[in-house]
Amino acid sequence: GYQLLPTKISDFFQLEVTYMRKDKDVLILLHVPCTHPEHLLTIYKFVPYPFPIPPELGSQRTETIEQSLSPFMLNSTTFSEKITDKAPNFALFIKPESSYIAIGRKDQYKLLTDAEFGLCEKKGRTFLCEYHQVLRRGLETSCLGSLYLRNEAGVISYCKFEKKPLIETVYQLSANDFLVFSPKPITAKVLCRNFTHHPIFLQQSTRVNVPAGCEVTMEHHTIM
């Protein structure tokens, strides 16, 4: 019932071996890591994406999120009409208890800090982490778990929020894909080495693909 962690032929050339010699023969033992599917956890990394605060509320000093957004709750139609021409200056950012959460198929989970995740040994697309035999249950009793479940009550109870100025933000998702948050609509241009180019339109949250050999310059970032 176990499965091999190596997934490609090239992975086997990276494994440790033990060899024994008997007369003219050499016996090579390849140490292949295996695991049971029950013990595999999927790792998710938290992306600190901003939640823009409407301009009319950005200067208010309030104690809770509910108090800060109460004018918006009471008169959402009129309020949305007021802010269409004015970009937000501040945003709320969630501060979770750790950067990573590893979740099993039965929703058992482990929270990992950057330091703890850095100690894990990478084997292909799998990370081997020692001393993590204790797993938690009840995803809704943690900030990252509540975000994973989209549990509003859990987020309010277990997440901390920080108010900071809203600026252009870029998060790398893969080798060529990026998540861009722009406080105001802008048009950027992708320039490639083969002299091709095309525009991209950024408005708040935009997923951007930058092909190999190309770059895009925005107000505060350059992606190459």
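The model is predicted, so local features need pLDDT of at least 70 and side-chain atom pairs count only at pLDDT 80 or more, while totals for chains, interfaces and linings use all residues. Residues are numbered from 1 along each chain as its sequence is written, and side-chain values use heavy atoms, with hydrogens and water left out.

The structure holds three disulfides, a disulfide being a pair of cysteine sulfur atoms within 2.5 Å. Counting bonded cysteines along the chain, the pattern reads 1-2, 3-4, 5-6.

Cys120 is bonded to Cys129, with 2.0 Å between the sulfur atoms. This link of Cys120 and Cys129 is right-handed, with 115° about the S-S bond. Burial is judged by relative accessible area: buried means under 20%, exposed over 50%, and partly exposed in between (1.4 Å probe, protein chains only). Cys120 is buried at 11%, whereas Cys129 is partly exposed at 26%.

In the disulfide of Cys143 and Cys159, the sulfur atoms also lie 2.0 Å apart. The pair links distant parts of the chain, 16 residues apart: Cys143 belongs to helix α6 (residues 143-149), and Cys159 to the loop between α7 (152-158) and β12 (160-165). Helices (H or I, at least four residues) and strands (E, at least two) are DSSP runs, numbered from the N terminus. Cys143 is buried, with a relative accessible area of 0%, and Cys159 is buried at 8%.

Cys192 and Cys214 are joined with an S to S distance of 1.9 Å. Their S-S torsion is about 100°, so this disulfide is right-handed.
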